[in-house]
Amino acid sequence: MSKFFPQLNKLFYEIKMGNDYCVSRRNSKSKISEHRMFQQDIQYQLERLKNIDKQYIVIQYENKSIEDLLRNIDINITNQVNREQENENLNSQDSIVIDFAQFTQFGNEIIQQLQQKIQDLTLKKQDWSLLVDDSSSSHFLQLQMSQTQMEDGNKINTIISQFIVPCNPKKFIDYMGNFKEQKELDLRIDQFRCISKNNEDQEQIIYLSYKSVSIISARDFIYFKKTKLIDETNDVWCDASRSIDNNNYCSVNNKIVRGTIYLSGYVIQPLKNVLKNDPYSQRFASISKKAENYSFVQMCSQCDFKLKVPFYIAKGQVKQEMINYINLLYRNLQ
């Protein structure tokens, strides 16, 4: 590649010089003959291009060469109509019948683990990178991130945020569980639908997919989600999710990379609950008199999108995305 471009630039320069020469002699009687000479020179330069060494390093992304990615680019173009039809068919499918009794223990475990993960943030502050601490905004966003070694040996980013929303816990839970609203909140979402639901215990099996972006393949997740009232007296709720390995619920598409949700969700409660304790009493002192209008949210995400991004780059990306997300979320809940 380094050999190819300098020679190519030189040829383009020579061609330009030839063109400038013809323009400067435009009033000459030999204009026709010079034009022919110019055409011949162009042809000569094009022939020289064929003999240039074109060896270069093959760039790879996600273990695919750029040539392979370009060769298959028609997946996003020629098959777009079929893809849209497929999405319509999936969205119109009736929910399948699932015995949720098999998920009873699984659901209780992730509810407890999510609460523990949020508590760990307070106990192990030295392990976290503080990305945002905005006490002057309407949502008081605080965002922290760390790298976590999972039991399967995979290293992922754990993201924990806390902020307030201008509504009660139930409105927030309903909004976060509305698939249409969530697709409008995050335009990267392609499909977001319930495969099966257990209304009695507020449990769902959910399919979520994200659109492909440039040369990055589309991603999808299939996961179990449980919403539970964990403190009835104080109206504290927990919503927790984790991926499940069952392709019978939704088969793997070889055009989409299936990611893993190790643990994701939030704990929400009326803001007045936390004003009794430091440091929250100081942080939210400016709105303490209007506390009944707000809820306090602690959100956690441990998701593997099957992308290898350096931690220092991921921090900047997560920071900007979360700021935009929380701003829009807060506005939509007003």
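1. A search of the whole structure turns up 13 aromatic pairs. Here rings of Phe, Tyr and Trp (its six-membered ring) pair if their centres lie within 6.5 Å, with planes under 30 degrees apart called stacked, over 60 edge-to-face, and the rest tilted. Take Phe-103 and Phe-106: their ring centres sit 6.2 Å apart with the planes at 65 degrees, so this pair is edge-to-face.

2. Before going on, a word on the model. It is a predicted one, so local features need pLDDT of at least 70 and side-chain atom pairs count only at pLDDT 80 or more, while totals for chains, interfaces and linings use all residues. Numbering runs from 1 along each chain as its sequence is written, and side-chain values use heavy atoms, with hydrogens and water left out.

3. Back to Phe-103, which also pairs with Phe-224; this pair is stacked, at 5.0 Å centre to centre and 20 degrees between the planes. Phe-103 lies in the loop between α4 (80–91) and α5 (104–123) and Phe-224 in strand β8 (residues 218–231), so the pair ties together parts that are 121 residues apart in sequence. Helices (H or I, at least four residues) and strands (E, at least two) are DSSP runs, numbered from the N terminus.

4. Phe-106 counts as partly exposed, at 21%. The cut-offs are under 20% relative accessible area for buried, over 50% for exposed and in between for partly exposed (1.4 Å probe, protein chains only). Phe-103, Phe-106 and Phe-224 form one aromatic cluster together with Phe-100.

5. Leaving aside neighbours within four places in sequence, Ser-161 is in contact (heavy atoms within 4.5 Å) with Leu-141, Gln-142, Leu-143, Val-297, Gln-298, Met-299 and Met-322.

6. Now the overall picture. The protein has 10 helices and 12 strands, and 41% of its 334 residues count as buried. Among contacts with a separation of 6 or more, 64% come from residues 24 or more positions apart.
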